[in-house]
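Q: Can you walk me through this one? I'd like the ligand surroundings, then the overall fold.

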Amino acid sequence: MSAHPFDHVESSAAAVEARLGISRREFSQFCAATATTLGLAAGSESAIAQAVAKAQRPSVIWLHYQECTGCSESLLRAEHPTLEKLILDTISLDYHETLMAAAGHQAEAARKQSMKDNKGKYVLVVEGAIPTKDNGIYCKVGGHTAVDIVKECAADAAAVIAIGSCASWGGMPSTDPNPTGASGVAKVLGKPVVTIPGCPPNPYNFLATVVHFLAFGKLPEVDKLGRPLFAYGRIIHEHCERRAHFDAGRFALEFGDEGHRKGHCLYKLGCKGPETYANCSTIGFGDVGESNWPVACGHPCIGCSEQGVGFAKPIHATAKLVGMSPPAGYPKVVEEQGKTSFAAAAALVAIAGAAAGASAMLTKNLGKSTGEAPATPNKDA
Ligand code: FSX
Ligand code: SF4
Ligand code: F3S
């Protein structure tokens, strides 16, 4: 009988079992799922198992600035108990303003001590945008601006991860006119960092990034915006469960209409899946499996993870089709459905003699037809 890939980490796995209160089978499943999420070759789960099973956990300093704490919440509120246990057990969360018991000067002292003890080895995670306008006075902790603290903490970090769209490029707080000059971590530090955008991002994308760092001593491969390719390498539209409806020209035209009830494509309601790079459609949210993500729930993707789309374009403006156009044989995606011609409306008025009612319908139908201006090209993707 061939050796099980986890046999040589049996004792470590037993230790994990005791630490986390999960079975070896669950631990094996987690490692295999993480390897798959990372797009690693078969057998890589063994390296992941060894890295996670090690008692030595990297110290993590987690800073919070302009945000809603949704990133931390999504990490901790996952339904599956092993997820939060694994996150808290895989890393040593030495400083996290929302979760730590310490407060005030005690908390600041804990941060400084951890940075000193783990100089050059800790991972810095930043959640939230950093206000840069007026010398950064719009966000201070312990009397220091967010700009200064981020620079101080990044100086001796082994790796810097910006979690959420706010920390990645400014996100929601940077919405025009961006009164506080909310910016992303890379801009403040003047150097690239790993970004895990999304508002909030999927916790598995963060966890898989950290596990990759643990298992291989380096962060995963990223694109030019710092996004790990395993999670942000493809546009949502490519793997959307409603994609067949898009290709066949079956669209919901308004919330609650027949197309919406039948699960048709949400493109005409403003879905930004065709110009948003993320794996929402394949891994889902809330740790309850597939089909739990915005589009599956009936709402268009707003492009929350895509710079220049989320919090930048109107929610119901139609998306730019990135890198693809439907074959000529397919129905046009921007043809004007539900439109009533003026001639037809006039005939209707004449026949029914209901001028007021008909003109109301005409207005309604014209409003329903897709006369939106094309979305601005996303220069950053
Ligand atoms: Fe909130 Fe995080 Fe959005 Fe921002 O997620 S879910 S506002 S990306 O920084 O807390
Ligand atoms: Fe899915 Fe949106 Fe693409 Fe339609 S436009 S297939 S709903 S991602
Ligand atoms: Fe955000 Fe769209 Fe995914 S709104 S969560 S990027 S489906």
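**Ligand shells and fold**

A: Around ligand 3 sit Ile-236, Thr-276, Cys-280, Phe-285, Trp-293, Pro-294, Cys-301, Ile-302, Gly-303, Cys-304 and Ser-305. A residue is near a molecule if one of its heavy atoms lies within 4 Å of it. This is a predicted model: local features need pLDDT of at least 70, side-chain atom pairs count only at pLDDT 80 or more, and totals for chains, interfaces and linings use all residues. Residues are numbered from 1 along each chain as written, chains are lettered from A and ligands numbered from 1 in written order, and side-chain values use heavy atoms, without hydrogens and water.

Q: What classes of residue make up the shell around ligand 3?
A: Eight are nonpolar, three polar and none charged. Ala, Val, Leu, Ile, Met, Phe, Trp, Tyr, Cys and Pro count as nonpolar, Asp, Glu, Lys and Arg as charged, and the others, Gly among them, as polar.

Q: And how many residues surround ligand 1?
A: 13, with Cys-68, Gly-70, Cys-71, Cys-166 and Cys-199 the closest. Five of the shell are nonpolar, six polar and two charged.

Q: Which helix gives the largest share of that ligand 1 shell?
A: H8, with three residues. Helices H4 (70-76) and H8 (164-169) each supply at least two.

Q: Switching topic: how many helices and strands are in the protein chain?
A: The chain has 16 helices and nine strands. These are DSSP runs numbered from the N terminus: helices are H or I, at least four residues, and strands are E, at least two.

Q: What share of the chain is buried?
A: Of its 381 residues, 49% are buried. Buried means under 20% relative accessible area (1.4 Å probe, protein chains only).

Terms used: Buried means under 20% relative accessible area, exposed over 50%, partly exposed in between (1.4 Å probe, protein chains only).
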